[in-house]
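Reader: I have just opened this one and would like a walk through it. Could you take me from the overall picture down to some single residues?

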Amino acid sequence: MNIENQVLGLIKLSEYIKEYLTKNPEDDNETDTEFELLLKRSEIENPWFTIDNQKFALNEWTNLLTEDNINNWIRNYSVSKVSKRVGLILAGNIPLVGFHDVISVVLSGHIPLIKLSSKDKLMVPFLLKKWNEFSGGAVQFEFVERLENFDAVIATGSNNTARYLEYYFKNHLSIIRKNRTSAAVLKGDETPEELQLLAEDIFRYFGLGCRNVTRVFIPEDFVIDRLFESFVGFKDIINHHKYANNYDYNRAVYLLNRDLFWDNNFVMLKEDDKLFSPLSVINFSRYSSLDEVKSFIAENEEDIQCIVAKEELGLDSIPFGEAQHPSLDTYADNVDTMKFLEVV
């Protein structure tokens, strides 16, 4: 019965969020004010969490948390008959990035012990409180500063942090996630509309997510100006002071080092074989054979979250514009969280 109430509560939570996102700006009831204040406080505490990006993330969850989506997802897994305590060390690079882990633990029949990221400490507690209310108290969770008395752990951090976490939790069931990023492969005949969708994959959340594209493979004869033309819709990103600071710093470094780069005054393109690029920079390389690209992907598989490309290239990829629209059964680091929770 608990799982039924939890699912019903999630659906109601989705409807509650959607009602806020679609409200008339002139409406001023207490619920809307509460939500609006929360978004403003989150942006003040973490300027990367603009209200626009928070609303984008919330809207994604309303699209995901439908009755059909939830039931189609969880029917593939079993619910534990004995509730275990699962520690969660959440990331905070983009809004609500850890919410999927929280939902997974609860719907698996377990109790999440949540250590929030200092960068994202307001929205998750708010949504969990609402979910519990809509579920009639069927959602158990705890917020902790230090993980103790747990049966398993799911932790996300940088590569350096991950090494420490792997050692610290070596005697526990665990998923330890590291840095990942995403790449795009262009065939060369992409339409302007497709390239504009690629821009969404690059710039959404300022490029801070593991599903953001930081490396682009282009054919040898591809005209690089086509990329800059597709980026124009995101030109206002330079008005964000933290992004602008990164742009100014990286540009200054390249100029001092006399590096070759292309610049359109809000993002730089640099011919570089590295998968990861600094914020405000997109690495690109030209390929003569698709086999070169496939070799790179295979060699860097552990660092790649997803590949964006046309289906006809025959890669394990997603369409342009879909990087920031993962489904409920899309898992970070491609490790099935729900399967892991079945054996806790």
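Author: Let me begin with one pair of residues in what is a predicted model: isoleucine 114 stands opposite phenylalanine 143, which belongs to strand β3. The strands concerned, β2 and β3 (residues 142-143), run parallel and are joined by two bridges. Between these strands the chain passes through helix α6 (residues 123-134), and this β-α-β crossover is right-handed.

Reader: Okay, and what is the bridge partner of leucine 88 in β2?

Author: That partner is isoleucine 114. Strand β1 (residues 85-89) and β2 run parallel, with five bridges joining them, and together with helix α5 (residues 99-107) they make a β-α-β unit that is right-handed.

Reader: Is β2 mostly covered or mostly open, then?

Author: Strand β2, which takes in residues 111-115, is mostly covered, since four of its five residues are buried.

Reader: Which strands make up the sheet that holds β2, and in what order?

Author: The sheet is an open one of five strands, in the order β3-β2-β1-β4-β5, and its pairing is parallel. At the edges are β3 and β5 (173-177), each of which pairs on one side only. Helix α5 packs on this sheet, where it touches β1, β2, β4 and β5, and its direction makes about 155 degrees with that of β2.

Reader: How many bridges join β4 to β5?

Author: There are five bridges between strand β4 (residues 152-156) and β5, and these strands run parallel. As one example, alanine 155 has isoleucine 176 in β5 as its bridge partner.

Reader: Switching topic: where does isoleucine 94 sit, and is it buried or exposed?

Author: Isoleucine 94 is in the loop between β1 and α5. It counts as buried because its relative accessibility is 11%, and the cut-off for buried is under 20%.

Reader: What does isoleucine 94 touch, leaving aside residues up to four places away in sequence?

Author: With those set aside, isoleucine 94 is in contact with Phe49, Asp120, Tyr205, Leu208 and Gly209. Alanine 57 is 37 residues from isoleucine 94 in sequence, and their C-alpha atoms are 8.6 Å apart in space.

Reader: What about the six-stranded open sheet: what is its order?

Author: Its order is β8-β9-β10-β7-β6-β11, and the pairing there is mixed. Strands β8 (262-263) and β11 (304-309) are at the edges with a single partner strand each, so one side of each has no neighbour in the sheet. Helix α10 (residues 241-257) packs on this sheet and touches β8, β9 (268-271) and β10 (281-287), its direction making about 40 degrees with that of β9.

Reader: And which strands does helix α11 lie across?

Author: Helix α11 (residues 290-299) lies across β6, β7, β10 and β11, and it runs at about 135 degrees to β10. Two of these strands, β6 (residues 181-185) and β7 (residues 213-219), run parallel and are joined by four bridges, with valine 185 having phenylalanine 217 in β7 as its bridge partner.

Key:
Residues numbered from 1 in each chain as written. Predicted model: local features only at pLDDT ≥ 70, side-chain atom pairs only at ≥ 80, totals over all residues. Heavy atoms only, no water. Buried < 20%, exposed > 50% of the residue type's maximum accessible area, 1.4 Å probe, protein only. Pairing = 2+ DSSP bridges. Right-handed = clockwise from strand over helix to strand, strands pointing away. Contact = heavy atoms within 4.5 Å. Axes fitted to C-alpha atoms, helices over the stretch in contact; angles between N-to-C directions.
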